[in-house]
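Okay, thanks for coming, everyone. Have a look at the picture I'm putting up now, and then I'll walk you through it.

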Amino acid sequence: NSGIDPLAVVGHEWRHSIKQTNQAAHAAIQTAAKAILAKDGKLLEYANQYHGNEMQKAGVAERLARIEAGTATEQDTDFLAEEFSSDIAGNMWRDPEALRQVFDTILEENPPSVARSIIKSIADALTSLINRLLLSTPKSGFNELGISREELLSLKKEIQAAMVDSFRAD
């Protein structure tokens, strides 16, 4: 157990993907993140938190020195704003209420057929991610327990059925 929440990682990386897939949304998120980080030394505070023990990495000490001196470059603020908002997105993917709000918004703002299409796209993306993760497991077994890919696929089907059942309206 690595202590890293896979949903947080998925949400974090999803946020990074927005840069390529939806530049208008990326720009809006960046603007909001930069506004938060521009207040009360938050940029330096977050930079120190983000970089942690990375002082030996190329450019990190210089970036922190620029921020501390009030001479951060646009590249510095862009990078940290993206990481900050990606961390927030990762946390949102772990929050059932945040996800519920996303799905409620999809349902409220779209006709049923469009909402279904959007939700299906989300499901397809998650299924693709899960399948890529499964394919990256060795054929000989999943871990030290020797669980095979076939066993995992069988378990996956049962979990999917339970998920569908749990999301049914009562």
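Before I count anything, one term: when I say helix, I mean a DSSP run of H or I with at least four residues, and a strand is a run of E with at least two, with numbering that starts from the N terminus. Also keep in mind that this is a predicted model.

If you read along the sequence, the pattern is simply α-α-α-α-α-α-α-α.

A few overall numbers next. The chain has 170 residues, and 23% of them count as buried. Its accessible surface is about 12000 Å², with 58% of that belonging to carbon and sulfur atoms. And if you take the contacts with a separation of 6 or more, 54% are between residues 24 or more positions apart.

Okay, the inside. Which residues make up the largest nonpolar core? There are 11 of them: A33, L37, L43, Y46, A47, V60, L64, I67, L80, A81 and F84. Four helices each supply at least two residues of this core, namely α2 (23-37), α3 (42-51), α4 (60-69) and α5 (74-93). Take A81 as one example from that core. Setting aside neighbours within four places in sequence, A81 is in contact with Q30, A33, K34 and L37.

Two of those, A33 and L37, are also among the buried residues of α2, along with H26 and Q30. Looking down the axis of α2, the buried residues fall within an arc of 70°, so they line one face of the helix. What sits on the face turned away from that buried side? There you find the exposed residues A24 and T31. The buried residues of α2 pack against α1 (6-21), α3 and α5.

Now α4, where the buried residues are V60, R63, L64 and I67. They cover an arc of only 95° around the axis, which puts them on the same side of α4. Their cover includes α3 and α5.

Let's move on to charges. As a reminder, side chains of opposite charge can pair when their charged atoms come close. How many salt bridges does the structure hold? Seven.

The one I'd like to show you joins the side chains of E82 and K19, at 3.3 Å from N to O. E82 lies in helix α5 and K19 in helix α1, so this pair ties together parts that are 63 residues apart in sequence. Is E82 buried or exposed? With a relative accessible area of 10%, E82 is buried, whereas K19 is partly exposed at 37%.

Other pairs sit within one helix. K42 forms a salt bridge with E45, with the closest N and O atoms 3.6 Å apart. Those residues are three apart in helix α3, so about one helical turn separates them. K42 is partly exposed at 36% relative accessibility, and E45 is partly exposed at 47%.

In helix α7, K120 and D124 are four residues apart, about one turn of the helix, and their side chains meet in a salt bridge at 3.0 Å, N to O.

Last stop is I118, found in helix α7, which covers residues 112-135. I118 is partly exposed, with a relative accessible area of 30%. Which residues does I118 touch, not counting those up to four places away in sequence? I106 and N110. And between I118 and F103, which are 15 residues apart in sequence, the C-alpha to C-alpha distance is 9.4 Å.

That's my tour, so over to you for questions.

Key. Residues numbered from 1 in each chain as written. Predicted model: local features only at pLDDT ≥ 70, side-chain atom pairs only at ≥ 80, totals over all residues. Heavy atoms only, no water. Core = buried A, V, L, I, M, F, W, Y, C linked by side-chain atoms within 4.5 Å. Buried < 20%, exposed > 50% of the residue type's maximum accessible area, 1.4 Å probe, protein only. Contact = heavy atoms within 4.5 Å. Arc of directions from axis to C-beta. Areas by Shrake-Rupley, 256 points an atom, 1.4 Å probe, with all protein chains shown as cover. Salt bridge = Lys/Arg side-chain N within 4 Å of Asp/Glu carboxyl O.
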